[in-house]
Amino acid sequence: MDTGVTVRRARVDDAAEMARVHVRSWRETYRGVMADLVLDDPELPSTRERFWTVALSDERYQANRVAVAERNGDVIGIAMAGPPQDSGAQWGTHLYVLYVVAAEHGTGAGAALLDAVVGPHDSAALWVADPNPRAQAFYRKHGFVADGTVNVDDGVREIRMVRLL
C-alpha cells in the first residue's frame with residue numbers, strides 16, 4: 001500500500017523543519033501533561049532547532065540514526081535512536097524521539113519512522129509519557145512492553161517500554 005509518505009535519513013539542513021514538527025507535536029500531544037510555560041515558550045522553536053542541528057552535525061552523535069517522514073516534500077514526522085546511555089542496558093538501541101504531527105496519525109508514518117531508526121529485530125527501549133494511551137498502544141503493537149520503570153521529568157510522568165528479542 002502506498003501511503004504517500006517518504007522516510008529518509010535526516011540532514012543538517014532539515015533542522016528547522018524538524019524543530020517545527022517537534023514543537024507542533026509537543027503542543028498537540030502534551031497540552032495538559034507538560035507545563036504550558038514550556039509549550040508556549042517563544043524560545044522553544046529555536047531551542048529545538050539548535051538541538052537538531054547539534055544532533056545532526058556533532059560527531060558525538062554520529063552513532064545515532066535520525067530520520068524524517070515527508071509527505072509532498074513537507075516534514076511530518078521525526079525520529080532518532082542510538083546507543084543506550086546506560087552501558088548496562090539489556091537492549092542495544094534506545095529510541096529517543098518519535099513524533100508525527102497529529103493530522104498524520106494512523107497513516108503509517110510512525111511505523112515507517114520506527115523501522116528506519118530501530119531495526120525490527122533490534123532489542124530497544126524508550127520512554128513514553130503516561131498518560132499517552134495512543135503512543136503506548138502504538139509501541140505495544142510494535143513489540144514493546146512496559147517494564148515497570150517510571151520516571152518523572154519536568155513534572156511529566158514517563159514509563160519505560162522495552163522490546164527484548
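The legends below accompany close-up views of a predicted model. Residues are numbered from 1 along each chain as its sequence is written, and side-chain values use heavy atoms, with hydrogens and water left out. Local features need pLDDT of at least 70 and side-chain atom pairs count only at pLDDT 80 or more, whereas totals for chains, interfaces and linings use all residues.

View A. Arg8 belongs to strand S1, residues 5–9 (helices, H or I, at least four residues, and strands, E, at least two, are DSSP runs numbered from the N terminus). Arg8 counts as buried because its relative accessibility is 17% (buried is under 20% relative accessible area, exposed over 50%, partly exposed in between; 1.4 Å probe, protein chains only). Beyond the neighbours within four places in sequence, Arg8 is in contact with Asp14, Val66, Ala67, Val68 and Glu70 (contact: heavy atoms within 4.5 Å). The side chains of Arg8 and Asp14 also form a polar contact of 2.8 Å (a pair of N or O atoms within 3.5 Å; within protein, one must be able to donate a hydrogen and the other to accept it, and residues adjacent in sequence count only if both atoms are side-chain atoms).

**View B. The cis peptide bond between Asp130 and Pro131.** Omega is about 20 degrees at this bond. Pro131 is placed in the loop between strand S5 (124–129) and helix H5 (133–141).

**View C. Positive phi at Asn72 and Asp154.** Most residues other than glycine have a negative phi. Asn72, in the loop between strands S2 (65–71) and S3 (74–82), has a phi of about 55 degrees. With 72% relative accessibility, Asn72 counts as exposed. Asp154 lies between strands S6 (145–153) and S7 (156–163), in a loop, and its phi is near 50 degrees. Asp154 counts as exposed at 70% relative accessibility.
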